[in-house]
Amino acid sequence: MNEKLKQSFQNLKGFWKSRSKKQKTIGISAVALMLVLAAGITYFMTKTKYAPLYSGLDVSETGSIKDELDQEGVPSKITDGGKTIEVPEDQVDDLKVTLAAKGLPKTGSIDYSFFSQNAKFGMTDNEFNVVKLDAMQTELENLIEQMDGVEKAKVMINLPNQSVFVADSQAKASASVVLTLKPGYELDQNQIKAVYNLVSKSVPNLPTDNIVIMNQNFEYYDLNSSNSSGNAYTQQQAIKKQIERDIQQQVQTMLSTLMGAGKAVVTVTADIDFTQEKREEDLVEPVDKTNMKGIEISAKKIQETYQGTGAAAGTPSGSTDSVGSSYVSGSNGNGTYSKTSDTINYEVNRIKRKITESPYKIRDLGIEVMVEPPVRTKRSSLPASRLKDIKSMLSTIVRTSIDKSSGTRLTNQTVADKIAVSVQPFAANAPEKAKKASIPWWVYAIGGGLLLVIAGLIFFMIRNRRRAASEAEEEMAEETPEKPAPPRIPDVNEEQETDASARRKQLEKMAKEKPDEFAKLLRSWLSEE
């Protein structure tokens, strides 16, 4: 194999040396031209074409959108002194919808400057405005129809006439949007907000108050609330998700610190009480609850005594009344009289309460955790003490998060039932196999084209070489006379082949290769004689 390669290299080297200077120049120029063409085609096919996403932005707004695009991994360019931001042309529509759902931008408008570049010669301002308005409406319809659940959209924009006087207040534009939703689909608040922001930022001087959005059933969508029936449910679900997310982030941070990044996954499920109670209480309580007494604010004591003849008639001797009076009769009709009266006024606590109990109490909480052992293929590499510590920390979070006023008794077994910890290897952390770099098809096409050109050049060079060699041989043949071929003289040692000699050779061969059969053949010949 090496000899063949060396021979081919030598032939190619000799072929190249045998070429003239002009042929060498043409060959080198052709190869260089093909390389330049291949590089140019590769550059233009791989070059990203950018298109304006928003224009007329504030510098701070441009920075916010730039940060958002960088977080999404979208390449972008800032032009026009920081007022215009450009992105790849094939991502413009998707990014407009995505950023509008996040309330971006707060300033500026979608760029439509390409209309002025493509305006026909002789087009009037009115014709251009009509074309621009129709293009904006069509563009908005296409953007809105890309949202989930939207089957068709119709947009009508009303642009005010611009005044020629600077002092006049600038009139506001207005827009109406009719959405045809897919069967059984309801827009959420984020989607409605996205439509409002998208329309508002697409049309200059169009506030959200001048936008009307409704569906095919003539149901109106407000910017602050989606619809009257689903607003409360949407808010409750958002609060529930926020509470679950906060607890999940708390547990995730704790486990990431303990186990390492990417070694734990947390899921939290919460049952929230959204009941809001209002009540009034009018209570009377003693100041001294131990002795059930109030505060003495006044006291009065009266004592009366009498001694003399003629005791009170009809009063038994030695009796006492309810206020401390006593009568004693003597033997001769003489008697004594005494009366004691004590009056004490007490003050108690009089409490009036108007109580409004806040909702959003956690009635129940469940935490599911998956952790990966230090050696991902060996579950026993996670110590039992580490697993016990994780369950203990989760138990503390459950105990402190669940509302105590619900009356639920949180025993150790009850808390343990609300926690699930699983030890499993994560597929995402599995070692990746080496992947072959995918080569675009156009690279193969360019390489095949270059090979064809090189093969064509070699073919033509070899053909020219052979043609030149054949012409040189013909010229030499014409100049040199042909010599008669010498007569063939048979060799004296050559032996003419006869039947006897052929049989003899066959018998010799048989005696060498198959002696047993040769011996049988001889015995048969001898027996016949």
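Visitor: Which residues in H6 meet which residues in H7?

Guide: This is a predicted model. From H6 the residues are Met 136, Leu 140, Leu 143 and Ile 144, and they meet Val 195, Leu 198, Val 199 and Ser 202 of H7. By class, that contact has seven nonpolar residues, one polar and no charged.

Visitor: How are the axes of H6 and H7 placed?

Guide: Read the distance and the angle together. The axes of H6 (residues 125–144) and H7 come within 11 Å and cross at roughly 160°. An angle over 145 degrees counts as roughly antiparallel, so H6 is roughly antiparallel to H7. The crossing of the two is right-handed.

Visitor: At what angle do H4 and H7 pack?

Guide: Helix H4 (residues 92–101) packs on helix H7 (residues 189–202) at about 115°, and the axes are 7 Å apart. H4 and H7 are therefore roughly perpendicular to each other. H4 passes H7 in a right-handed crossing. On the H4 side the contact is made by Lys 96, Ala 100 and Ala 101, and on the H7 side by Asn 190, Lys 193, Ala 194, Asn 197 and Leu 198. The residues of this contact divide into four nonpolar, two polar and two charged. Leu 198 of H7 is named in the contact with H4 and also in the one with H6.

Visitor: Now the sheet. What is the order of the strands in the open sheet of three?

Guide: Strands of a sheet pair through backbone hydrogen bonds, in a parallel or an antiparallel sense. Here the order is S9-S15-S16, and the pairing is mixed. Strand S9 (264–273) and strand S16 (419–423) are the edge strands, each pairing on one side only. On average, neighbouring strands of this sheet are turned by 10° against each other, direction ignored.

Visitor: In which sense do S15 and S16 pair, parallel or antiparallel?

Guide: Parallel: S15 (residues 361–371) pairs with S16 over five bridges. For Ile 367, the bridge partner in S16 is Ile 419.

Conventions: Residues are numbered from 1 along each chain as its sequence is written. This is a predicted model: local features need pLDDT of at least 70, side-chain atom pairs count only at pLDDT 80 or more; totals for chains, interfaces and linings use all residues. Side-chain values use heavy atoms; hydrogens and water are left out. Two strands pair if DSSP finds at least two bridges between them. Helices (H or I, at least four residues) and strands (E, at least two) are DSSP runs, numbered from the N terminus. Axes are lines fitted to C-alpha atoms, for helices over the stretch in contact, and angles run from 0 to 180 degrees between N-to-C directions. Angles under 35 degrees count as roughly parallel, over 145 as roughly antiparallel, 65 to 115 as roughly perpendicular and the rest as oblique. A crossing is left-handed if the near helix is turned anticlockwise from the far one by less than a right angle, and right-handed if clockwise. Contact means heavy atoms within 4.5 Å. Ala, Val, Leu, Ile, Met, Phe, Trp, Tyr, Cys and Pro count as nonpolar, Asp, Glu, Lys and Arg as charged, and the others, Gly among them, as polar.
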